[in-house]
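I wanted to go through this chain from its overall build down to a few single residues, and these are my entries in the order in which I looked things up.

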Amino acid sequence: MGFFRSVTAISKLRSRLIQSSNSLGSVRWLQVQSSDQDLRSQLAELIPEQQERLKKLKTDHGKTQLGNITVDMVIGGMRGMTGLLWETSLLDPEEGIRFRGLSIPECQNVLPAAHPGGEPLPEGLLWLLLTGKVPSKEQVDALSKELHIRSTVPDHVYRAIDSLPLSAHPMTQFTTGVMALQVQSEFQKAYENGLSKAKFWEPTYEDSLNLIAQLPLVASYIYRRLYKNGQVIPADNSLDYGANFSRMLGFDDPKMQELMRLYVTIHSDHEGGNVSAHTAHLVASALSDPYLSFGAALNGLAGPLHGLANQEVLLWIKSVVDECGENITAEQLKEYVWKTLKSGKVVPGYGHGVLRKTDPRYTCQREFALKHLPDDPLFQLVSKLYEVVPPILTELGKVKNPWPNVDAHSGVLLNHFGLTEARYFTVLFGVSRSIGICSQLIWDRALGLPLERPKSVTMDWLENHCKKAAA
């Protein structure tokens with residue numbers, strides 16, 4: 001068990017989780033596994049129990065109210081409205097994200113790493129999200145090999161990407177690649193052949209694992225096509241998911257490989273209400289296959305208010321340097337922040353739709369920077385921003401969360417190791433998010449979740465309803 005950071009930490013964590021099973025139902029069957037290396041068979045054993053659990057929940061508590069819906073919620077993007085089942089992660093406004101009940105620091109402590117004390121392997125998080133169980137290093141290695149076997153990308157996918165002009169945004173090219181992969185969908189074939197609803201999860205699993213395995217090849221092809229004269233680097237099947245992705249992009253530095261493992265892990269899932277996750281769930285509820293669903297999610301991720309924000313952060317930070325220099329003082333930085341706000345713009349990388357504290361994903365990236373690149377000028381600027389921006393946003397009085405989110409830091413880390421092309425950053429986000437989205441899609445089909453169909457209303461309806469309520 002030397003591959004874990006701390007065997008003692010695992011034992012204590014497992015005991016705590018088991019003891020708290022009644023309050024953390026999503027992890028009540030979390031345990032450290034050491035034998036069976038077949039992820040699909042592990043999942044098949046868990047599904048009947050979870051199906052019965054959902055059935056009982058609906059039978060016993062189907063009419064239990066979860067809160068009141070206000071007009072503000074209806075016209076305000078459904079903020080604060082509970083209306084979606086998402087098993088793989090849960091976001092607490094004060095605590096941040098938990099993957100199957102585990103915080104990011106806990107995942108760093110108990111998930112297998114490439115070497116002692118290293119960052120968690122993304123394959124380990126995939127196992128955790130799908131099963132609720134912390135995998136062994138042997139299970140993670142077996143899953144890594146399985147993903148390598150599934151990773152062959154048909155030539156027509158590359159031809160579809162090549163048909164686009166080089167001026168096309170990397171996310172446009174990425175979505176095109178995913179749509180080209182869709183022709184191999186096992187779910188679509190099985191559905192057309194009359195597959196029983198009880199087995200929908202099986203071809204969904206095959207599509208999802210294939211998609212997760214193939215995305216780094218598609219994404220790296222786009223990067224090399226755009227920025228490296230089309231000189232593609234082949235996969236190295238001896239490497240894990242994160243390290244192989246880094247290598248195919250063109251980065252062999254072990255520290256960059258560690259960063260990629262961390263990046264993919266922490267960007268993988270952020271419960272179901274964000275644009276990309278909700279989009280995937282919505283589209284998949286119509287029984288669209290994982291490729292169609294994830295392609296739709298990528299189009300949501302490409303929006304400036306969602307995944308494209310990590311691109312905007314680095315560009316903004318570089319604009320600070322261009323105007324004020326790297327040795328900017330705190331006072332100069334305050335002036336620049338106010339200048340940005342008074343121009344009607346936001347400070348990118350600050351605030352969050354749910355969180356009301358510093359994003360734990362920001363914190364772990366900061367810790368990575370302190371360990372590996374403490375003297376990097378842009379990292380030092382990010383640190384100054386952390387001291388300057390929150391008080392200004394608090395003074396402004398219009399922001400519920402003045403603290404940095406994950407986007408405030410990721411671009412600076414990538415930039416340090418040579419991945420400087422900010423327009424490409426959201427593609428990295430997309431590869432990462434496939435792990436969480438596809439894991440939940442498998443459970444959507446396993447649990448037989450229905451077509452999503454909320455009720456919409458007009459302003460006339462709202463006005464009349466409010467008049468009646470006030471009478």
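This is a predicted model: local features need pLDDT of at least 70, side-chain atom pairs count only at pLDDT 80 or more; totals for chains, interfaces and linings use all residues.

**Strands.** I looked up strand 1 (residues 89-92) and strand 2 (residues 96-99), and found them paired in the antiparallel sense over four bridges. A hairpin of three residues joins strand 1 to strand 2. Within the pair, L91 stands opposite I97 of strand 2. I then asked which residues of strand 1 lie on its covered face and which on its uncovered one. S89 and L91 make up the covered face, whereas L90 and D92 make up the uncovered one. I set beside this the general point that side chains in a regular strand alternate between the two faces of the sheet.

**Overall build.** I counted 21 helices and two strands in the chain. The radius of gyration is 22 Å, close to the 23 Å that the globule rule gives for 471 residues, so the chain is as compact as a globular protein of that length. Along its principal axes, the C-alpha trace spans about 70 × 65 × 55 Å. Of the 471 residues, 53% count as buried. Among contacts with a separation of 6 or more, 77% are between residues 24 or more positions apart.

I noted 48 positive and 50 negative charges, whose mean positions are 4 Å apart.

**Helix 5.** I asked how many of the residues of helix 5 (residues 122-131) are buried. The count is ten of ten, among them W127, P122 and E123. Just after helix 5, G132 takes a positive phi of about 75°.

M78 has a positive phi of about 60°, and its place is in the loop between helix 3 (71-75) and strand 1. R100 has a positive phi of about 50° and lies in the loop between strand 2 and helix 4 (104-110).

Is each of these two buried or partly exposed? M78 has a relative accessibility of 41% and therefore counts as partly exposed. R100, at 1% relative accessibility, counts as buried, because buried means under 20%.

Definitions and conventions. Residues are numbered from 1 along each chain as its sequence is written. Side-chain values use heavy atoms; hydrogens and water are left out. The radius of gyration is taken over C-alpha atoms; the globule rule is 2.2 Å times the number of residues to the power 0.38. Buried means under 20% relative accessible area, exposed over 50%, partly exposed in between (1.4 Å probe, protein chains only). Contact means heavy atoms within 4.5 Å. Lys and Arg count as positive and Asp and Glu as negative; His and the chain ends are not counted. The place of a charge is taken as NZ of Lys, CZ of Arg, CG of Asp or CD of Glu. Two strands pair if DSSP finds at least two bridges between them.
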